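Please look at the sequence and the model below, and keep both at hand while reading. The text goes through one chain, then the other.

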Amino acid sequence: MGIFWLRIATALYGVGLLHAMAVLLRRKAGFLKYALVAFQAGIVLHLVAIVELTMEVGHLPVDNFFECATVCSFLIAVLFLFVYWRYDFASLSVCIFPLVFVMTQVGAMQTPMLSWPSPGVRSAWLLLHVMMILSGYAALLLTAVASVFYLIQERQLKMKKGVKLFSRLPPLGTLDNLITKSMGFGFVLITLGVIAGSTWASIESGTAWIKDPRIALAFITWGFYLAMVFLRATAGWRGRKAALMAVAVLCCSALTWAAHVGLSQMLAK
Amino acid sequence: MKFSITGVNHKSAPVEVRERLAFDEDSLPEALLELKRRPGFCEGMILSTCNRVEIALTCEDGAASGVAVDEFLADTRHVARDWVTPYLYRFEDNEAILHLFRVAASLDSMVVGEPQILGQLKTAYTLAKQHGALSGFLDTLLTRAFSVAKRVRSETDIGANAVSVSYAAVELAREIFGSLTEKKVMIVGAGKMSELAARHLRRSGATHIFVTNRTHERGVEMAQLFDGEIVDYTRFIAFLPEVDIVIASSGAPHYIIMRDDMKKVIEARKNRPMFLIDIAVPRNIEPSVNTLDNVFLYDIDDLQKVVATNLEGRQHSAEEAEAIIHEEMERMMARLKAREVVPTIVSLQEQLEHLRTSELARMRSKFGTLTPEQEQALDALTKSIINKVAHGPISELRRQASLPDGHYFITTIRKVFRLGD
């Protein structure tokens, strides 16, 4: 029964995820009010789930990765609520909502779900995951290239060499716009890809997949991306820092991609 | 027909001379009418700007245009001819065409590439046309000069980069923000330079202008000028996070915007870029502000350096422009030559027709009476002979007209057929 409540909580956290995506894509306020209501309801059910699981095993369920993720995401969610209430730090939601959603979702996979209805759905699902991740990488590449251009253009403006020299590069404002948009799209695509991928792995191979270091690498890469998006959205990281960060995340993504070649066959065994 | 341009410009005459020769708007129509009345003058146009006064003329062959233009200028501007002559330059025919093209393309301007001259030339053209002073050659030539100027502008970077401090500031702002629409500007210290820069920025789309000034009244005046808002001088730093562009030109003897201030400002702006223009001397903004990320500080020397770099670039473009102009000159000369060939063709045809009719009249009696059909046939026969004879020379004349050495051929044809002069 605990897992059931956990899945409902995940669905409620999903509203928060949608809010974060809306903020990143449209650069508007999103729908924080509704997302917060859903988030609080999610926390209540999350607590219910943890209590039930505790009663089942007789102690706090932190025996494996899934249980740890469940408890950890609950603590993060509660902490966020406190910070939001105490410091009115709403923009933190852009980072916390996706994080709590993905962690709870992974936690809810401790009891494997149904099996594939047909081989067609299985391969289509995998294809969807791969396409979303690859499109996300493409957007990330664009972000990194634009960030480097931004850096060059910024240096040239600082050096005061005259307009003629940098007339080939677009203005900073244009590059900044491009970076914001491509980063937002990339993040949304990769997040959806991660959700699709972890679901696929869970249905495919039960609970064993989470122990693979390559899966860990994928989650870490996503975490970096999340951090980058957050720093840009709240602290407005631009120029040198932003360029370095984008290139680092791109390298990380390349590693993950290289590590994942052939992973699906292994998971299927 | 002779074409000439006579006048003064910023190189040939000091401003004291130019200002006495300049025609104001009201006196130009009268001057044009006077120009038309002068004997020997066919067409004329007067270009009068602050840097040049020029009279473009076509006159009948043999008219002593040089002295006549000097006289015209001296008479209409009420100065002595001897006084003005040393300052005048005169170009004739090819050289005059070249000069006209260079003026239109802004290669002869004080600031090479400045765009105003073309507009001024067009105004002068329109005025001359309205007063019936243009008909034919000069009209065609001026129209050609406009399209040459257009070509120079589109094919070279001659007018591309700013060569004034305030325009350089606008260009840099564009380099930073892309579009300037909706950008907010703060003027710290109401002065002539900051007003000019703000005017350019506003024209480029910046919407909100804030003004702060030590003396409140002057600030209010300037704020009204731009529909802007006045900000209290003692508290303007607090407003800075809201604005994207700051123009500082206050008379303060020390820095009024410090690095620490700007550090806080840029944090409050979440690192959105900011452009600071310090045109005050002594400077208003601490120079180390430029070391902050996302803050771009340009002082008056930086802007002047940008201007100097752009000017060098213009010099390079000017060389390209000269090449274009020479190309256009050649085309123009070819056209002119093609026009010269027409009288030759006409007189050749007339000559042959004259031969035909006189020979026919001479021999007609020997034929006796002919039927109307025979008369017609005889006429057609002779016409066809002269047409066939003329065909070769005429088509060759047309072809040669556009070649550089075509005039030799034209002279030969004239000699061979005894076409006279």
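Which residues in helix 5 of chain A meet which residues in helix 8 of chain A? The model is a predicted one, and in it the helix 5 side of this contact consists of A:Tyr137, A:Leu140, A:Leu141, A:Thr143, A:Ala144, A:Ser147, A:Val148, A:Tyr150, A:Leu151 and A:Glu154. From helix 8 of chain A come A:Gly239, A:Arg240, A:Ala242, A:Ala243, A:Ala246, A:Val247, A:Val249, A:Leu250, A:Ser253 and A:Trp257. By class, the residues of this contact are 14 nonpolar, four polar and two charged.

Two packed helices are described by the angle between their axes and the distance between the axes. For helix 5 and helix 8 of chain A, the angle is about 150 degrees and the axes are 8 Å apart. Angles over 145 degrees count as roughly antiparallel, and helix 5 and helix 8 of chain A are therefore roughly antiparallel to each other. Their crossing is left-handed.

These two helices belong to a chain with nine helices and zero strands. Chain A has 269 residues, of which 42% count as buried. Among the contacts in chain A between residues at least 6 apart in sequence, 80% join residues at least 24 apart.

Chain A also touches chain B, and the contact takes 17 residues from chain A and 24 residues from chain B. On the chain A side, helix 5 (119–159), helix 6 (172–205) and helix 8 (239–260) each supply at least two residues. The largest share of that side, three residues, comes from helix 6 of chain A. Sorted by class, the side of chain A that touches chain B has seven nonpolar, five polar and five charged residues.

Chain B contains strands. Strand 3 (residues 52–59) of chain B is mostly covered, with eight of its eight residues buried. B:Arg52, B:Glu54, B:Ala56 and B:Thr58 point one way from this strand, while B:Val53, B:Ile55, B:Leu57 and B:Cys59 point the other way. Strand 3 of chain B runs antiparallel to strand 1 (residues 2–9) of chain B, and eight bridges join the two. In this pairing, B:Val8 has B:Val53 as its bridge partner. Strand 2 (residues 41–48) of chain B is also antiparallel to strand 3 of chain B, with seven bridges between them. Here B:Gly44 stands opposite B:Leu57. Strands 2 and 3 of chain B form a hairpin, with three residues between them.

Further along chain B, six strands form an open sheet with parallel pairing, in the order 7-6-5-8-9-10. At its edges are strand 7 (229–230) and strand 10 (295–299) of chain B, each of which pairs on one side only.

Strand 8 (residues 245–248) of chain B is covered on both faces: B:Ile245 and B:Ile247 are buried on one side, B:Val246 and B:Ala248 on the other. Four bridges link strand 8 of chain B to strand 5 (residues 184–188) of chain B in the parallel sense, and B:Ala248 of strand 8 stands opposite B:Val188. Strand 8 of chain B is also parallel to strand 9 of chain B, again through four bridges, and B:Ile247 stands opposite B:Ile277 of strand 9. Strand 9 (residues 274–278) of chain B in turn pairs in the parallel sense with strand 10 of chain B over five bridges. There the bridge partner of B:Ile277 is B:Tyr298.

Technical notes
Residues numbered from 1 in each chain as written. Chains lettered and ligands numbered in written order. Predicted model: local features only at pLDDT ≥ 70, side-chain atom pairs only at ≥ 80, totals over all residues. Contact = placed C-beta atoms within 7 Å. Nonpolar A, V, L, I, M, F, W, Y, C, P; charged D, E, K, R; others polar. Axes fitted to C-alpha atoms, helices over the stretch in contact; angles between N-to-C directions. Parallel < 35°, antiparallel > 145°, perpendicular 65-115°, else oblique. Left-handed = near helix turned anticlockwise from the far one by under 90°. Pairing = 2+ DSSP bridges. Buried ≥ 20, exposed ≤ 12 C-beta atoms within 10 Å, placed from the backbone.
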